[in-house]
Amino acid sequence: MSQRDHHYWMNRAIDLAKLCPVVEGAFSVGAVIVVDGAEIATGYSRETDPKVHAEESALDKLDANDPRLTRATIYSTLEPCSERATKTRVPCTDRILQAGIPQVVIAWREPSTFVEDCVGVEKLEQQGVTVIELPELADAAMSMNRHLNLS
């Protein structure tokens, strides 16, 4: 995919992040899963319940064994989480790895606001997932999170 395509889909994820109910203790994140240039699922933080993450919400809309996932790209406005406060929920990096998604595109890395050291990108790369960062879209992806004290 071209840089232009990555920007198109990340802007779609940013628009989804704007739909998140705003809360003090969590980021507003949007995610889009794309296969062969077509959107197959979307999600955003707190879309279906107060604790659901964007990537989790998008993945929950697909069969876990959907064969398209092995050639998908997931666009997330924020680095996928590597740990969850709610221990009953699987971190988004683990969900992406379980799904077999080979490429992840993010706009910004998780700051140490809630998690001291998010290692989502590192964990994905160690498992052979291609991670592309679009820092030129980071400000837009952060815009709906300005109420948080971002460090």
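Leaving aside its neighbours within four places in sequence, Ser57 is in contact (heavy atoms within 4.5 Å) with Thr42, Gly43, Tyr44, Glu47, Thr48 and Val52. Ser57 is found in helix α2, where helices (H or I, at least four residues) and strands (E, at least two) are DSSP runs numbered from the N terminus. With a relative accessible area of 1%, Ser57 is buried, a term that stands for under 20% relative accessible area, whereas exposed stands for over 50% and partly exposed for values in between (1.4 Å probe, protein chains only). The model is predicted, so that local features need pLDDT of at least 70 and side-chain atom pairs count only at pLDDT 80 or more, while totals for chains, interfaces and linings use all residues. Residues are numbered from 1 along each chain as its sequence is written, and side-chain values use heavy atoms, with hydrogens and water left out.

The protein has 5 helices and 5 strands, and from the N terminus on these elements run α-β-β-α-β-α-β-α-β-α. The radius of gyration of the protein is 14 Å, close to the 15 Å that the globule rule gives for 151 residues, so the protein is as compact as a globular protein of that length; the radius is taken over C-alpha atoms, and the rule is 2.2 Å times the number of residues to the power 0.38. Taken along the principal axes, the box filled by the C-alpha atoms is roughly 40 × 35 × 30 Å. Of the 151 residues in the protein, 50% are buried, and among the contacts with a separation of 6 or more, 70% are accounted for by residues 24 or more positions apart. The accessible surface of the protein (Shrake-Rupley method with a 1.4 Å probe; for residues, only the protein chains shown count as cover) comes to about 7,200 Å², of which 48% belongs to carbon and sulfur atoms.

The interior was examined in terms of nonpolar cores, each a set of buried Ala, Val, Leu, Ile, Met, Phe, Trp, Tyr and Cys residues joined through side-chain atoms within 4.5 Å. The largest nonpolar core has 26 residues, and those with the most contacts inside this core are Met10, Val32, Tyr75 and Trp108. Two or more residues are given to this core by each of α1 (3–17), β1 (30–35), β3 (73–78), β4 (103–108) and α5 (138–142), and α1 gives the most, with 6 residues. Not counting residues up to four places away in sequence, Met10 touches Tyr75, Ser76, Thr77, Val105, Ile106, Ala107, Leu134 and Leu137. A second, separate core of 19 residues includes Leu59, Leu69, Ala99 and Ile106.

Helix α3 (residues 92–99) has Cys92, Thr93, Asp94, Ile96 and Ala99 as its buried residues, and these pack against α2, β3, β4 and α4 (120–126). Thr93, which lies in helix α3, is buried with a relative accessible area of 0%. Apart from neighbours within four places in sequence, Thr93 is in contact with Pro80, Cys81, Ser82, Gly120, Lys123 and Leu124. The C-alpha atoms of Thr93 and Leu19, which are 74 residues apart along the chain, are separated by 22 Å. Helix α3 is followed by Gly100, whose phi is positive, near 80°.

Most residues other than glycine have a negative phi. Asp36, however, has a positive phi near 50°; this residue is found in the loop between β1 and β2 and, at 62% relative accessibility, counts as exposed. Arg46 likewise has a positive phi, near 65°, and lies in the loop between β2 and α2, but at 10% relative accessibility Arg46 counts as buried.

Pro50 also lies in the loop between β2 (38–44) and α2 (54–60), and is exposed, with a relative accessible area of 69%. Pro50 and Asp63 are 13 residues apart in sequence, and their C-alpha atoms are 22 Å apart in space.
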